[in-house]
Amino acid sequence: MVKHIVLYTLKEGINKPEAVEIIRSVLEPLVGKIPGLLHLEIRQAFSGMDCALYSEFESREALENYAKHPLHLEAKEHFWSFLDTRVAADYDF
């Protein structure tokens with residue numbers, strides 16, 4: 001199993017609660033639609049970065065497939081313009 005964590009900083013002038021809700025509303029429903037994606041949650045952070053994504057995958061291969069899956073790529077279209085910085089880390093567990 002693999003855990004995938006992403007931290008986002010949003011661009012200046014972006015309404016953070018609204019942006020986080022948009023990100024959440026397009027990514028969380030992908031669970032059950034993309035093979036190997038077991039869990040995904042998005043929350044507004046109260047310290048450090050603006051937004052945190054936590055997800056779990058069956059395998060490294062499932063994570064790689066998620067990254068290029070058409071549903072994931074389509075979801076990113078809804079929020080990619082909000083993002084200033086993105087930092088990710090993946091690890092086996």
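Guide: Buried means under 20% relative accessible area, exposed means over 50%, and partly exposed is in between, using a 1.4 Å probe and protein chains only. This is a predicted model, in which local features need pLDDT of at least 70 and side-chain atom pairs count only at pLDDT 80 or more, while totals for chains, interfaces and linings use all residues. Residues are numbered from 1 along each chain as its sequence is written, and side-chain values use heavy atoms, with hydrogens and water left out.

Visitor: Happy to be here! What is the order of the four strands in the open sheet?

Guide: Helices (H or I, at least four residues) and strands (E, at least two) are DSSP runs numbered from the N terminus. Two strands pair if DSSP finds at least two bridges between them. With antiparallel pairing, the four strands take the order β2-β3-β1-β4.

Visitor: Why is one side of β2 and of β4 left without a neighbour in the sheet?

Guide: Both β2 (37–44) and β4 (83–92) stand at the edges.

Visitor: What is the average twist from one strand to the next?

Guide: Angles run from 0 to 180 degrees between N-to-C directions, and axes are lines fitted to C-alpha atoms, for helices over the stretch in contact. From one strand to the next, the twist averages 15 degrees.

Visitor: How many bridges join β2 to β3?

Guide: Along this antiparallel pair, Q44 stands opposite C51 and I42 has L53 as its bridge partner. The hairpin leaves six residues between the strands, and G48 takes a positive phi near 75 degrees there. The number of bridges joining β2 to β3 (residues 51–57) is seven.

Visitor: Which residue in β3 is the bridge partner of I5?

Guide: β1 and β3 run antiparallel and are joined by seven bridges. In that pairing, the β3 partner of I5 is Y54.

Visitor: Where does helix α1 lie, and at what angle does it run to β2?

Guide: Contact, meaning heavy atoms within 4.5 Å, is the criterion here. Helix α1 (residues 16–27) lies across β1, β2, β3 and β4. Its angle to β2 is about 170 degrees.

Visitor: What is the nearest side chain of opposite charge to K3?

Guide: K3 belongs to strand β1 (residues 2–10), and its contacts beyond four places in sequence include Y54, E56 and D90. A polar contact of 3.4 Å joins K3 and Y54 through their side chains (N or O atoms within 3.5 Å; within protein, one able to donate a hydrogen and the other to accept it, with sequence-adjacent residues counted only if both atoms are side-chain atoms). K3 is buried without a salt bridge (a side-chain nitrogen of Lys or Arg within 4 Å of a carboxyl oxygen of Asp or Glu). Counting Lys and Arg as positive and Asp and Glu as negative, with His and the chain ends not counted, the nearest opposite charge lies 4.4 Å away, on E56.

Visitor: Does D50 count as buried or exposed?

Guide: D50 sits in the loop between β2 and β3. Among the residues that D50 touches beyond four places in sequence are Y8, K16, V20 and R43. Because its relative accessibility is 11%, D50 counts as buried.

Visitor: How many salt bridges does a search of the whole structure find?

Guide: One of them pairs E28 with R24 (3.2 Å, N to O). The search finds a total of five.

Visitor: How far apart in sequence are E28 and R43?

Guide: Their side chains meet in a salt bridge of 3.1 Å, N to O. E28 is in the loop between α1 and β2 while R43 is in strand β2, so the pair ties together parts separated in sequence by 15 residues.

Visitor: How far apart are the closest N and O atoms of R60 and D92?

Guide: R60 is exposed because its relative accessibility is 54%, whereas D92, at 45%, counts as partly exposed. In their salt bridge, the closest N and O atoms are separated by 2.4 Å.

Visitor: Which parts of the chain does the pair of R60 and D92 link?

Guide: These residues are 32 apart. R60 lies in helix α2 (residues 60–68), and D92 lies in strand β4.
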